[in-house]
Amino acid sequence: MTIRLGDDAPDFTAQTTEGEVNFHEWLGDSWGVLFSHPKDYTPVCTTELGMAARLKPEFEKRGVKIIGLSVDPLASHEGWAKDIEETQGAAVNFPMIADADKKVADLYDMIHPNASDTFTVRSVYVIGADKKVKLMLTYPASTGRNFDEILRVIDSLQLTAKHSVATPVNWKDGDDCIIVPAVSDEDAKEKFPKGWTAIKPYLRVTPQPNK
Ligand code: BEZ
């Protein structure tokens, strides 16, 4: 099944390092990040999991739960977690799905056979509180992801959801935002009391609303 932006995030029940998880129940009212790793005991993945563990408070601040996946069994995840704590200075503090039968990997199209028949690629799915897919990223096995970028996109997505703004090229938290075209000037007067600059009628720039 192809997953596209705006689709319902497929639900599943899986074994994880924190017990059996039903994905939608586990998400509750939170946003979620589901991210896959090619394999346990691999170097790039080890650094990514250490970083994700260190950044967990940043995800929590945004109301986002994180959950990893690798197509190895639970005992392997548990042994690898010890190495991650030892080498990365942070213990894995979120569930890791043990997807040995590739059920979740198949559901989320995380195996790209022309890259590898057996390993998952580095997929990232950001899921909103409405359980819809908000972002999909796919990296090759050899490139570690930038978790600051994942947080940046979540900030942008949450601003859009709450304040009807979009974010321009290379935007970072605190920078000016763009009023989405669907908001008329009339409605914008009420929504954006700090005002805006209309560089073109379709390019209206306003200070970040929640700052
Ligand atoms: C890694 O996580 O280091 C890795 C995994 C598969 C292929 C290449 C690198």
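Is Phe94 buried or exposed at 1% relative accessibility? Phe94 counts as buried, because its relative accessibility is 1% (buried means under 20% relative accessible area, exposed over 50% and partly exposed in between, with a 1.4 Å probe and protein chains only).

The model is predicted, so local features need pLDDT of at least 70 and side-chain atom pairs count only at pLDDT 80 or more, while totals for chains, interfaces and linings use all residues. Residues are numbered from 1 along each chain as its sequence is written, and side-chain values use heavy atoms, with hydrogens and water left out.

A search of the whole structure gave 8 aromatic pairs. Rings of Phe, Tyr and Trp (its six-membered ring) pair if their centres lie within 6.5 Å; planes under 30 degrees apart count as stacked, over 60 as edge-to-face and the rest as tilted. One of the pairs, Phe12 with Tyr108, is edge-to-face, at 6.1 Å centre to centre and 90 degrees between the planes. Phe12 belongs to the segment before β1 (13–16) and Tyr108 to the loop between α5 (103–107) and β6 (122–127), 96 residues apart. Helices (H or I, at least four residues) and strands (E, at least two) are DSSP runs, numbered from the N terminus. Phe12 is buried at 5% relative accessible area, and Tyr108 is buried at 0%.

Phe94 pairs with Phe35: the ring centres are 5.8 Å apart and the planes at 50 degrees, so this pair is tilted. Because Phe35 lies in strand β3 (residues 31–37) and Phe94 in the loop between α4 (74–88) and β5 (96–98), the pair ties together parts 59 residues apart in sequence. Phe35 also counts as buried, at 1% relative accessibility.
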